[in-house]
Amino acid sequence: MGNFLWFPQFLHLILQLLVFRVVSSSHNPNTLCVSDDKSALLQFKSTMSIDGYSACPDSYPKTKWWNESTSCCSWEGVSCDDATGRVIGLDLSCSMLSGSFPQNTSLFRLQELKQLNLAFNDLSGSSIPHGFSQLVSLEYLNLSGSSLSGLVPSDVSFLTKLTSLDLSFNLRQSFDRHTFEMFTRNLSKLENLLLDTVNMSDVMPTSFNNSPSPLKRLSLRDCGLEGAFPSEIFQLGKLEYLDLSGNSLTGHLPKSNWSSRLRLLDLFRNQFRGSVPASLGNLTRITSLYFGSNLFEGQIPDVFGNLNKLTTLHFSGCNFSDQLPPSLFNLPQLTYLSLSSNRLEGTLPTHVTGLQKLKEFHANDNLLTGGIPSWLFTLPSLESLDLSSNSLTGPIDEIQKPNSVREVNLGNNDIHGEIPTSFFGLVNLIHLDLSSNNLSWVIKSDMLSKLVSLETLYLSSNNLSGVAKLDVLSMLKNLSALDLSNNKLLSVTSDSGVISTFQALRGLYLSSCNVRQFPNFLASVKSLMNLDLSNNAIRGSVLKWESEDWEQLTYLNLSHNFLTGIEQFPGKNLQTLDLRSNLLQGSLPDPPASLEEFYISENKLAGEIPPSICNLTSLRILDLSRNYLGGSIPACLGNFSYEVSIINLQRNHLSGKIPNFCADDNLLTTLSLKDNQLEGSLPQSLVNCRYLKFLNVANNTLNGLFPRQLSILPDLQVLNLRSNGFYGRIDNFMHDSGLDNSMDNSCFLSLQVIDLSQNDFTGPLPTKFFQNFNAMKVVHDLNVNCEFYNHLCRDDSYKNVIEITMKRLEMELDLGKSLTGFTLIDFSDNRFDGQIPKVLGELHSLLALNLSHNNLTGPLPPSMGNMAALESLDLSSNKLGGKIPSELVTLTFLEVLNLSHNNLVGPIPVGNQFNTFENDSYAGNLDLCGVPLSKKCGNEEEPKPPTSKLVEYDGSAIPLIWELVMMGYGCGVVLGLSTGYIVFTTGRPWWFVRIVERDWQRNFTRWGYELNLREDRIQFQFLCQRSEDRIQAGLGGVTSAAIAVRKLSIQLCCTVNDRRNRLGVSC
């Protein structure tokens, strides 16, 4: 697609060169030239050498044949005036010239020169010389693609006769603000201005208000422009070509008075806003429209009926919504149509008569629904079709007259039914992707083998059944990638009597295909690079003969099988090896030295980690976790590879001290050593791990003071020191750590999870410490990164798993996928004393706070009522006193509260979530009174329900705190909506149920049954009433209800139609 977008620009440059050559060749070569001009040209030639390289396909050394004995008017590239013999045109474009552009160049002596073209030579980074103002007759100047640098000299602005200027593709060339303003004021005859890739970051877009009225072509691609672009430029009466792509320009499109001559308009990759005006339909001469990657809004106007010359329409990534405009499908000249990555909805038209010249149609990543109409496969010119990642349900219609389409991508929809037989008449198909749908087709290998041109076939994550005969599919001689993964009713066979060659096969993916042994044809597939046999039932060992022929293999996934041993690792070029979740025993085998990613966790490996592991100098990920490895960690492991980013050794039997990780510079981001028997202190060298995000050393026997040195790591997000022997005060950690005062406010700025529980820390809680937790102050938007399916390099993002106790549940979170918006502080089971700092109230996005089992005293600060996102609060087993602040009632997301075993007094607040907590939340506070305790309060102490803080919206009294609803971690939105609705409808709080049921009963029926969380490409389908019935069946009381709600919410998260398990919640 990038090449396609550059095509108009390339074509324009070629046309510029051709136009000049036509003009320059129209003069009589027999004219005698003036001796001064000949001398000037020969002197210029002497300053240049001829290089054998040129970017032009038709380049040749024009100056090679210049000599003293002939008239310069006969020289290649030179044009003279027939009457005077003066040189008026010089075209040395694509002439293989190399050398510096002299500041006193002899070209300035060509007094009558009108046209100068030095494009696409190598002027060696020299700057444009001062003195161009001497060429007073110059009308055409082209210095594009000539490796020029430096500022454009101001005297170029004095060429008042100039009609065309091209300085494009000089990446180190730049304009300053003053020169460009002079330029636009003085060059009043300018018709063509091409400045692509020239650095104009110092230029104000308002300078273009002075653009000359004759302007026909303006090209400013990738110039670094920022700010509001004047809409008046779109209205210049003679403007035909406008390219503003690749900048950071803002503004709106004009509502009217567009230049009726516009033929190309390119706004790709900017920040234009607002709606697209209906007046766009008046551009009857337009051939190319590029609006992609902007911030438009609203619907695409249905105004294309008169745009009969339009050939290219690129509207991807524009934030457009609503229906597809019908007139879009009647454009007779359209060859390229891209509507991808918007929010377009509705169905595709059932019948189309236009688009007869359409070659590419991309509407992926939208909200389209309905079937797959047959006209898509009958368009006579169509070559590429992409409707992936929508909500299309199918079926795929029968095709009457199959066309010559070569690429079809319908993946990641909900297409049901069978693949019609006529579909296999698309004999020109080279790429077919039907993955991640709901197809229930009984696979017919002989039908697939009719697609004789096929190179890539993706049918994964469907409901395919039957038998896939690989010996039949091997007849597809061009097939390079085959993916049948995650079809649990499908089996794979290969006739042992048939030699299956798969001459071009590079990627084979058979995960979850009921494979019980290595397919016998693999030994003959010499070209294989990627092999995925994970999640099958392969038993025994990988034998030497089975792997010795896989010399080209770079990716091998045998995880989640029943392998017990490996006689030999396959190939010599293996980069990724995944053996997770098998039954491998014995010592850790020596992996190939070429490895970059090595996963062998969740096996039964024992013995020590061999020092030979440090020979893997290209390794980026090492996961040996959940085995029975013992001994010490090899000292070399701390610095064996600069590239290493993830080391996971957790849940083994490792002992001794932690080696000096990051003694040398490296890219380490994740270090997990939890659940071992490591001792000593954390190495000081960790301060050099400047990219570290995740450090987990929980459940060891480490000791020492709080690791203050880690506070300066700018990206550290997770710090887990749980259950060790760390001790001492942390309240004055900054000054004691030797950090200067200027860094007081720049420590732990990215921290989102900190667990210091079950250690021996003392002293007051650190006020300054909490003040720096900026990442816990901002309410995050739900921002789950969608990793699109890459069949040729299957790379499920690595799991950084941390175990937490939250809401009285033990949970594992994959922080690599769930960390956006997830925040936790756990300082429980230490010996902290003093009062709870008021600054905790500034942590507005904190989800869980546990300060239990310490020696904290004093009252609960009312500022804690500002922790709007808090879901779990445990302050139990301290010595806290005073009343429970009524401000805590505003914590409407609070699901678990434990204030037990303190010295709290007075009435328990009433309202919101406080109406759902049971006695055990307050046990051991003898002077508390009020519901739910049996002890009544006196009349003067009786709490009053707080005034509801509701935001009116569209006539509804439903409180809208959507910034918090969208904060979600992992399953955030679904957990928020499903949990919220279920809690409210199970009986508490009744005051909210009545409001919600009245307004939601109508709306939730419409959209609650099928909630599509498109950011994850995961479809959550659930019935609200079923959820209510299921939870009510398990209720035993208010507190158990809250726990049941949480369990059910997590269960919903884990049992939905999750095709790639991107959420990271482990049940």
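## The chain as a whole

The accessible surface of the chain comes to about 42000 Å², and 49% of this area belongs to carbon and sulfur atoms. Such areas come from the Shrake-Rupley method with a 1.4 Å probe; for residues, only the protein chains shown count as cover. The model is predicted: local features need pLDDT of at least 70, side-chain atom pairs count only at pLDDT 80 or more, and totals for chains, interfaces and linings use all residues. Residues are numbered from 1 along each chain as its sequence is written, and side-chain values use heavy atoms, with hydrogens and water left out.

The chain has 1067 residues, and 58% of them are buried. Buried means under 20% relative accessible area; exposed means over 50%; partly exposed lies in between (1.4 Å probe, protein chains only). The chain holds 14 helices and 68 strands. Helices (H or I, at least four residues) and strands (E, at least two) are DSSP runs, numbered from the N terminus. Now take the contacts in the chain with a separation of 6 or more: 58% of them come from residues 24 or more positions apart. A contact means heavy atoms within 4.5 Å.

## Disulfides

A disulfide is a covalent bond between the sulfur atoms of two cysteines. Here the rule is a pair of cysteine sulfur atoms within 2.5 Å. By this rule the count comes to 6 disulfides. Three of these links follow, one by one.

Start with C33 and C72. Their sulfur atoms are 2.3 Å apart, and they form a disulfide. This pair links distant parts of the chain, 39 residues apart. C33 sits in the loop between α1 (2-24) and α2 (35-46). C72 sits in the loop between β1 (49-50) and β2 (78-80). C33 has a relative accessible area of 16%, so it counts as buried. C72 is buried too, with a relative accessible area of 0%.

## Two more links

C56 and C94 also form a disulfide, with sulfur atoms 1.9 Å apart. The angle about the S-S bond is -60 degrees, and the link of C56 and C94 is left-handed. C56 lies in the loop between β1 and β2, and C94 in the loop between β3 (87-91) and β4 (97-98), so the pair ties together parts that are 38 residues apart in sequence. Are C56 and C94 buried or exposed? Both are buried.

C662 and C689 form another disulfide, their sulfur atoms 1.9 Å apart. The link of C662 and C689 is right-handed, with 110 degrees about the S-S bond. This pair joins distant parts of the chain, 27 residues apart. C662 is in the loop between β46 (653-657) and β47 (670-672). C689 is in the loop between β48 (677-680) and β49 (694-696). Both C662 and C689 are buried.

Two strands pair if DSSP finds at least two bridges between them. β20 and strand β22 (residues 343-347) run parallel, joined by 3 bridges. Q323 has E345 in β22 as its bridge partner.

Strand β14 (residues 248-252) shows alternating side chains. Which residues point to the buried face? L249 and G251 point to one face and are buried.

Two parallel pairings involve β14. Strand β12 (residues 226-228) is joined to β14 by 3 bridges, and the two run parallel. In this pairing, E226 stands opposite S248. Strand β16 (residues 271-274) also runs parallel to β14, again with 3 bridges. H252 stands opposite R273 in β16.

## A residue in helix α3

T179 belongs to helix α3 (residues 177-186). Its relative accessibility is 5%, so T179 counts as buried. What does T179 contact, leaving aside its neighbours within four places in sequence? The partners are V152, P153 and S154.
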